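Here are my notes on the structure, point by point. Please read them beside the sequence and the 3D view.

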Number of protein chains: 2
Amino acid sequence: MCSPQIIEAVRGEVSRRRALGLAGAAVAAGFASRLPGAAAQTATPVAAGGGGATIALGSYTQVQDLTHTITPETPVFPGYPQPEFETVRNFDEHGFYAQMLSYVEHTGTHMDAPAHFVEGLAFANELPVAQFLAPLAVIDISERAASDPDAQVMPDDVLAWESEHGALPAGVFVAMNSGWAARIDDPEAFINMGDDDALHFPGFHPDATALLVEERDVVGIGVDTLSLDYGAATSFDTHVILLGAGKYGLEGLAALDAVPAAGGLVIVGGPKFQNASGGPSRVMALY
Amino acid sequence: MCSPQIIEAVRGEVSRRRALGLAGAAVAAGFASRLPGAAAQTATPVAAGGGGATIALGSYTQVQDLTHTITPETPVFPGYPQPEFETVRNFDEHGFYAQMLSYVEHTGTHMDAPAHFVEGLAFANELPVAQFLAPLAVIDISERAASDPDAQVMPDDVLAWESEHGALPAGVFVAMNSGWAARIDDPEAFINMGDDDALHFPGFHPDATALLVEERDVVGIGVDTLSLDYGAATSFDTHVILLGAGKYGLEGLAALDAVPAAGGLVIVGGPKFQNASGGPSRVMALY
C-alpha cells in the first residue's frame with residue numbers, strides 16, 4: 001500500500017486548495033490553460049502540456065471503441081443497484097421508440113471525477129474538454145493478472161513502459177490492460193468475489209499512482225476492471241491520490257488489447273450532468 | 001413540407017431493408033466499411049468516405065465543447081418527464097459521493113438513433129464509432145430565426161453554404177445554428193409554445209434533409225433546438241428521412257456559434273446503452 005505520508009500529503013494539498021477556494025481553478029488548470037491567453041478563450045487549445053505543443057493528430061488512421069455496452073446485467077461494484085431500462089415509448093402506441101434509464105453514475109465504462117472522492121473538487125461536468133483528448137499509454141499486466149487476480153500496476157511497470165517506449169508524454173492518459181474486459185459478459189467472474197468475501201481484480205497500486213500524479217504529467221488513469229484500486233484494497237488510496245490531485249479516472253474500459261501501447265490518442269466522451277461524480281462515458285482511441 | 005413521394009420512398013426503402021434483414025448491415029455500412037478489408041477489422045479506419053481518404057486531423061488546434069449541462073430543469077420535449085438526480089452516496093455517511101440519474105434518452109444534448117423512428121434499424125449503441133468523427137459544417141440561420149422562430153434550414157441554405165465553402169465533404173455532419181442555445185437556461189423560451197399550442201423553434205426542413213441524405217454524403221445532422229423537425233411541424237418527416245436512411249441526429253447542441261462554418265471536425269461521444277434509441281452525448285468540435 002501507499003505510505004501514510006503520501007496519502008497525508010495528498011489530503012493536505014486538497015485541504016489547502018479548499019481553504020484557498022482554489023478547487024475549481026486548480027482542477028481547471030489543465031495543460032491547456034498554461035498557454036498564453038487560453039484562460040480568456042471559450043475554446044481551449046488541444047495541447048499536450050508542457051510547452052503547449054499541439055497533439056500530432058495527423059498520424060492516426062484507425063479508431064477503436066473502448067466502451068462496453070451497458071445492459072441490465074452489467075457488473076457493478078457491490079452495493080450499487082443494477083441499471084434499469086424501461087421502454088416508455090413504442091411504435092404501436094406512439095409511433096416511435098424511447099427508453100427511460102436509471103443508474104448510478106459509476107456504471108459501465110465510466111468516469112470518476114475528482115468530486116467523487118474529494119468534496120469541493122471538480123464535478124465531471126466541470127472538467128475542461130481539452131483534458132478529454134490525450135496521448136494514450138497502455139500498460140499491459142494481463143499476463144501477470146491471468147495467474148494473479150490481485151496483480152497491480154506497480155511503479156516498476158511504469159518504468160518498464162518508459163524503457164520500451166520512452167518517457168510518458170505530457171498530458172498523457174495511462175490505462176491498465178489486465179485482460180479483465182474479456183470477463184464483461186460474466187458478471188461473477190468480472191466482480192470476482194472470493195471465499196474470503198474480498199474482491200479480486202487488478203488495479204493501480206497507490207505508489208504507481210503517486211508516481212504518475214507527482215512525477216509525471218497525467219490527465220488521468222484508467223482500468224479495465226471495476227475500480228482504480230485493486231479489488232482486495234481495504235482503502236481507496238489510489239482514488240484519493242488521483243482524484244485529490246484533480247485528475248480523472250476511467251473504470252471498466254474495453255478493448256485495450258486492440259490498441260498500441262504507445263502512440264495512440266484517447267478521446268473521452270465524458271458525462272455532462274450537473275454535479276456529476278462521474279458517469280458513463282464513450283471512450284475511443286485513435287491510433 | 002416534404003413531398004409525399006419522398007416520404008413514401010424513404011418508408012419503402014426502410015421496408016425493403018427490413019424485409020431483407022439488412023437493417024443492421026445497412027446501418028453499419030458507413031464510409032469506413034467501404035475500405036478494403038475494413039469489415040474484418042476490430043478497429044475501423046478514420047475515413048472521410050468516398051475514396052477512403054483519412055481525415056486531416058493534423059490541422060486542428062482548438063477544442064470546443066458543444067454540450068449543454070443536463071440539470072433537473074433542462075428543457076425537454078413536451079410529454080417527456082424532467083430528468084431526476086438523487087444523491088445516493090455522500091461524504092458524511094459513505095466517505096464518497098455519487099448520484100443516481102433517471103431520464104428519458106431524449107434529454108439534453110443527445111443523439112437520435114435510427115431505431116428511434118424506424119423499427120429494425122440501428123440502436124445508438126450499434127453505430128460504428130467511425131461515424132462519430134466527421135467533418136463539421138455549420139449552417140447559420142440565426143439571423144432569420146431571431147425574427148422568425150419557425151425558420152427552417154432550406155435546400156437553398158445548403159446550397160448557399162456550398163457556394164461559400166465548397167462542396168460538402170463526404171461523411172460530413174451538418175449542424176444548424178439558429179441561436180437557440182442561448183435560451184437553454186430559460187426552458188419556456190427554449191420550448192417556446194405559442195398561444196396556438198404549437199411549438200415554435202427552428203429545425204431542418206424535410207426537403208433540405210432529403211437533399212443532404214440523398215444527394216450528399218452525411219453521417220448525420222444536428223440542431224441547437226429540441227427537435228430535428230421544426231417545432232411547428234405536424235409530422236416528423238425530417239426524422240423519418242434522416243433516421244430511415246440509417247443516419248443519426250443530434251439535438252440540443254451548444255456553442256455552434258463558437259466554431260467555424262467549415263473546416264472543423266465533430267467528435268460525438270454517443271451513448272452505449274443496450275437498445276438505445278439515442279441518449280445524452282458528449283459532443284465536441286476540433287478546429
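1. Contacts within chain A. The model is predicted. Counting contacts in chain A between residues at least 6 apart in sequence, 74% join residues at least 24 apart.

2. Make-up of chain A. Chain A has 287 residues, and 56% of them are buried. Its secondary structure consists of 8 helices and 14 strands.

3. Relation of the two chains. Chain A is superposed on chain B by a rotation of 180 degrees, with 0.0 Å of shift along the axis and an RMSD of 0.0 Å. This is the relation of a two-fold axis.

4. The interface. Of the interface residues of chain A, 100% are also interface residues in chain B, so the copies meet through the same surface.

5. A helix pair in chain B. Two packed helices are described by the angle between their axes and the distance between the axes. In chain B, helix α7 (residues 206-215) packs with helix α8 (residues 237-244) at an angle of about 10 degrees, and their axes are 8 Å apart. Angles under 35 degrees count as roughly parallel, and α7(B) and α8(B) are therefore roughly parallel to each other.

6. Residues in that contact. On the α7(B) side, the contact is made by B:P206, B:T209, B:A210 and B:V213. On the α8(B) side, B:D237, B:T238, B:I241 and B:L242 take part. What is the division of these residues into nonpolar, polar and charged? The contact of α7(B) with α8(B) has 5 nonpolar, 2 polar and 1 charged.

Note on methods: Residues are numbered from 1 along each chain as its sequence is written. Chains are lettered from A and ligands numbered from 1 in the order in which they are written. This is a predicted model: local features need pLDDT of at least 70, side-chain atom pairs count only at pLDDT 80 or more; totals for chains, interfaces and linings use all residues. Copies are superposed by least squares on the C-alpha atoms of residues with pLDDT of at least 70 in both. Two residues are in contact if their C-beta atoms, placed from the backbone, lie within 7 Å. Helices (H or I, at least four residues) and strands (E, at least two) are DSSP runs, numbered from the N terminus. A residue is buried if 20 or more other C-beta atoms lie within 10 Å of its own, exposed if 12 or fewer, and partly exposed in between; C-beta atoms are placed from the backbone. Axes are lines fitted to C-alpha atoms, for helices over the stretch in contact, and angles run from 0 to 180 degrees between N-to-C directions. Angles under 35 degrees count as roughly parallel, over 145 as roughly antiparallel, 65 to 115 as roughly perpendicular and the rest as oblique. Ala, Val, Leu, Ile, Met, Phe, Trp, Tyr, Cys and Pro count as nonpolar, Asp, Glu, Lys and Arg as charged, and the others, Gly among them, as polar.
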